[in-house]
Amino acid sequence: MNAPHATRKRHLIAAGLALALGACATAPADRGHPAAGTSPEPAPASTGDPASPDSRVDAAPTQDSAVVAPVRPDAPPRNAIVPHGYPEPATPAGLPMARADPSTMVAHFINVGQGDAILLEFSCGAVLIDTGGERTSRASGSDLLRSYLEEFFGRRHDLSRTLDLVVLSHPHSDHTDGASVLVDAEPAFDVLNLLDDGEPGSHDSGRKGQLALQRYVAENEGGYVGLSEADVKTVSGVSNDVIDPVDCRPSGGVDPDIVALWGRVDLDVGWANDRNNDSVVVRVDFGKASFLFVGDMEHQGLSAMLESYEADQRIFDVDVLKVGHHGSMNATTPDFVRATSPKIAVIQAGDTAFINEPHNAYVYGHPNRAAIRMLLADDGGVSMARDPIQVRVGIKGKGLGADAPPPQFTRIRLDKAIYSNSWDGNIAVVANADGSLQVETEY
Ligand SMILES: [Zn+2]
């Protein structure tokens, strides 16, 4: 299994370096939280109003289109996204046995508390989407990620501690904190390629982890893509050897298709200044099975993305949906649920039990009942069944301030295939190339 990696790595170096240079030259202006009295800088080389969609396209980073290429150049073009003045939302509140035979992949939704970390296991390789997790006295996402990866690579010796691709959806700490696990591991993990949404802003909570992984991959001459949504020119999404480095056909397996559909949004309007809506969105097809990973996208970003694919939205139609923003009240929309029509939905959120600390599922009231209700819609909602389970879901997150009322929760009964680390612990979705799916939990 090492030889294909080595071969692939060599031929990725050139592409990776080109993209790294492109990304450095086109790093977005910091859209974090400008100090009082300063205004956000327009993107480099902007010659017009940065809020105008046309000038925004001109100002967008220009990666080599031959490197980040449409999957189907003849596919209809995506519309440029329009800077709607959406109203600001209310304050949002043991591994399964080796199953990755040549015709099987396993998506491991790792229980890292409040945060995202998804390991895609193939017969000849592995991909990690986000490295996050909770950082409270009851859960260390980094420790949970470390022990899961150690156990995984202990079982999959053949993969030689190699991640063919790491995707960081966006620079928030609940998605990047565990980058240190990859960077500091002894013995080292080999990360061949990195896909993220570019240069983190100076106030982004996950800046440190994202920069550390960018440096780590550059030092090891890996491939890199820092993706803006403007790089995605057609409704077929974009891909290349960095975004889709896995091909198990030489060892008798399947060639999964990995395609990016969205990335950093360079618009200066409220919803686009929310880093969650900059999330890199990735679709993975494995034979007849399909997955969509949307990072922390929220309703405004999802609506804008869907609208920009108006010419053909079938690329969103998948079997397994990783739900946006930890299942918050604004984590999805009825239109997005209809477009994806998933058989299975997975929400990465932590334990909702009381804890008097910030940044966890209790405080935010995640997952929220409103998102669950949307996912249960008769029209396009989650279609597979699960063993019925009573679960605790949020109605309202905790407000800001010391005297804010506590969050509110209720219990609901689920008999559709909505899974969450919050009530299922670790979750493994086993997908077969014939399209059949099984789910294992609490292992
Ligand atoms: Zn998050």
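**Buried elements and a mixed sheet in a predicted model**

The buried residues of helix α7 are His-299, Gln-300, Gly-301, Leu-302, Ala-304, Met-305 and Ser-308. The model is a predicted one.

Q: What makes α7 largely enclosed by the rest of the structure?
A: A residue counts as buried if 20 or more other C-beta atoms lie within 10 Å of its own. Seven of the ten residues of α7 (residues 299-308) are buried, so the helix is largely enclosed. The cover over these buried residues includes β11 (257-262), β12 (281-286) and α8 (334-340).

Q: What makes β2 a partner of β19 and of β3?
A: Pairing requires at least two bridges. β2 and β19 (residues 427-432) share six bridges and pair in the antiparallel sense. Four bridges join β2 to β3 (residues 118-121), also antiparallel. His-108 takes part in both pairings: its bridge partner is Ala-428 in β19 and Leu-119 in β3.

Q: Why are β9 and β20 called edge strands?
A: The open sheet of eight strands runs β9-β8-β6-β4-β3-β2-β19-β20, with mixed pairing. β9 (223-226) and β20 (437-441) each pair on one side only, and that makes them the edges.

Q: How do you know that helix α6 packs on the sheet?
A: α6 (residues 207-219) touches β6 (165-167), β8 (193-196) and β9. The direction of α6 makes about 145 degrees with that of β8.

Key: Residues are numbered from 1 along each chain as its sequence is written. This is a predicted model: local features need pLDDT of at least 70, side-chain atom pairs count only at pLDDT 80 or more; totals for chains, interfaces and linings use all residues. Helices (H or I, at least four residues) and strands (E, at least two) are DSSP runs, numbered from the N terminus. A residue is buried if 20 or more other C-beta atoms lie within 10 Å of its own, exposed if 12 or fewer, and partly exposed in between; C-beta atoms are placed from the backbone. Two residues are in contact if their C-beta atoms, placed from the backbone, lie within 7 Å. Axes are lines fitted to C-alpha atoms, for helices over the stretch in contact, and angles run from 0 to 180 degrees between N-to-C directions.
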